[in-house]
Amino acid sequence: MNLSDLATPAVIIDYPRLRRNINRCTSRAADLNVRLRSHVKTHKCVEIAQMQTPGSFKGLTVSTLAEAEAFFSAGFGDLIYGVPIEPGKFERVFDFIRRGAQLAVITDSEEIPEQLSTAATRAGVDVEVHLKVDCGYHRCGVDPASAEALNISRELADSPSLKFGGILTHAGHSYHARSREELIDIARAERDIMVEFAGRLRSAGIEVPSVSIGSTPTMSVYESLAGIDEVRPGNYVFYDAFQATLGSCRFDDCVLTVLASVVHCEDKKMIVDAGGIALSKDRGPVEFDSGCGYGRVYSTEGEDLHLRLTSLSQEHGVIESESGSLRSRFKLGSRIRILANHSCMAAAQHRYYHVLEDNRIVAKWEAHHGW
C-alpha cells in the first residue's frame, strides 16, 4: 500500500526513524546504568512498547488505567500509573493487582496513605506506592526539602497493605530551557535533588527501593546518573517539532506526521482536511519560534516545503504563503505530510498508525485510548 491509497487524515510512522530513536535511547540508558521504564502515553501502542523493551525488563509507565489494561493484557505486568492516585480509582487498581499485575501508583498527598491502606486492607491486596517529588516543574509533587515529604514517605513505609516503592519526579520545566547549557543545569538539578532526597530518607531509616527521574529533553543531555535507578522518558520514540526546535533531536529524527489532502487552494492560501481533531491545537515551541504555527508541511517523500499551518478549526487546516503561488504547486487532492508540534497530542487523536518503510505502508498498528 502507498500513501496515496490511505484515506486522510491519517498518522504516518517512519519505521526506520522509530527504530533508530528507540535503539539510541535504549543504548543510552544502558551506558548510564539505569533501567529504562518508557512512558507509553506518547504512542499507546503495544507494538512500539515491545520495541522499547528488548531485554528482560518489561516495565512501562502509563498515564491512564485504560493504557494499563491494554498493556497488561499484552503481557506487560510491571507498570507505574504516572498520575497521582485518587480514591475514585482505588478499586480499579485493586482489580489489576488481584489479576496478577504489578501496578504501582504515585501520590504527593498526606491524605492518601491512610485512605489507600484502609481500602487495600479491606480488599485484601498490597499496593506499591511511589512518592511524587517536585524538582522544579511545580505541576505536582512534594517539595523534597519539606517535612511533608519525609512524613508521607514514612507513612507509606509504615502503612499496612502499602509498600513504599521509592521516589520519582519529572522535569517538565526542561521543555522551557532556552539553551543547551540551561537544559544541562535542569538535568543535573533533577538528578541531584532526587539523590539528595533519597539520602535524607535513608538517613531517617526509610528504605528507598527506587529513585526514578526522566524527561525526553533531559535524557538527551545526562552526563552521569549515579544514584539514579530508573529513567522514564516518553516522547523520544516519535520526537516532534517542539523537541527539534528545543534541540533534543534533529528534525530528521521526527517520526510521526499526519497525512492530509488539499481540499481548497488559492494563490496565497490552501486548506487541508486535517484540523484540530487530527493534529491538536498545541502551539508547541511558540516561545522559541513565534512563527511555528500548528505544524510544518512536508511532501509525501518527506521534503520540507517551508510552509506552516497558520490556523486550525475542527476539520480544516489553513496554510498561507506570502511568496509564490500555492495554486501552481498544489492541486485539489494533493497529499502533504504535517509534522505536528506535539506528537503525543497529535497521536492521541488517532486510533491507528500506518507504518512507512521504503515509501510503502508495511503495517497498521492500533493505539489504545481512553481512561
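Two strands are taken to pair if DSSP finds at least two bridges between them. On this criterion, the predicted model contains an open sheet of eight strands, in the order β2-β9-β8-β7-β6-β5-β4-β3, with parallel pairing. The edge strands are β2 (35-36) and β3 (59-62), each of which pairs on one side only. In general, the strands of a sheet pair through backbone hydrogen bonds, in either a parallel or an antiparallel arrangement. For β3 and β4, the pairing is parallel and extends over four bridges. Within this pairing, Leu60 stands opposite Leu79 in β4.

Helix α3, formed by residues 65-73, lies across β3, β4 and β5 (102-107). The angle between α3 and β3 is about 155°. Helix α3 also packs against helix α4 (residues 90-98), at an angle of about 10° and with the axes 11 Å apart. Angles under 35 degrees count as roughly parallel, and α3 and α4 are therefore roughly parallel to each other. On the α3 side, the contact is made by Leu65, Ala66, Ala68, Glu69 and Phe72, while α4 contributes Arg92, Val93 and Phe96. By class, the residues of this contact of α3 with α4 comprise six nonpolar, no polar and two charged.

The largest pocket has a volume of about 950 Å³. Its lining consists of 38 residues, of which His39, Lys41, Arg139, His342 and Cys344 lie nearest the centre of the pocket. The elements giving two or more residues to this lining are β4 (78-84), α9 (241-246) and α11 (343-347). Strand β4 gives the most, with three residues; β4 is also the strand that pairs with β3 in the parallel sense. The lining of the largest pocket is made up of 13 nonpolar, 18 polar and seven charged residues.

The second largest pocket holds about 280 Å³ of space. A total of 18 residues line this pocket, and Asp14, Arg17, Glu301, Gly302 and Arg337 lie nearest its centre. At least two residues of the lining are supplied by each of α1 (15-31), β15 (335-339) and β16 (352-357). The lining of the second largest pocket divides by class into seven nonpolar, four polar and seven charged residues.

Key:
Residues are numbered from 1 along each chain as its sequence is written. This is a predicted model: local features need pLDDT of at least 70, side-chain atom pairs count only at pLDDT 80 or more; totals for chains, interfaces and linings use all residues. Side-chain values use heavy atoms; hydrogens and water are left out. On a 1 Å grid over the protein atoms alone, a cavity is a set of points where a 1.4 Å probe fits but cannot get out, and a pocket is an open set with protein on both sides within 12 Å along at least five of seven lines; lining residues have an atom within 4 Å of a point. Grid points are joined across faces, edges and corners, and a volume is the space filled by probe spheres set on the points. Ala, Val, Leu, Ile, Met, Phe, Trp, Tyr, Cys and Pro count as nonpolar, Asp, Glu, Lys and Arg as charged, and the others, Gly among them, as polar. Contact means heavy atoms within 4.5 Å. Axes are lines fitted to C-alpha atoms, for helices over the stretch in contact, and angles run from 0 to 180 degrees between N-to-C directions. Angles under 35 degrees count as roughly parallel, over 145 as roughly antiparallel, 65 to 115 as roughly perpendicular and the rest as oblique.
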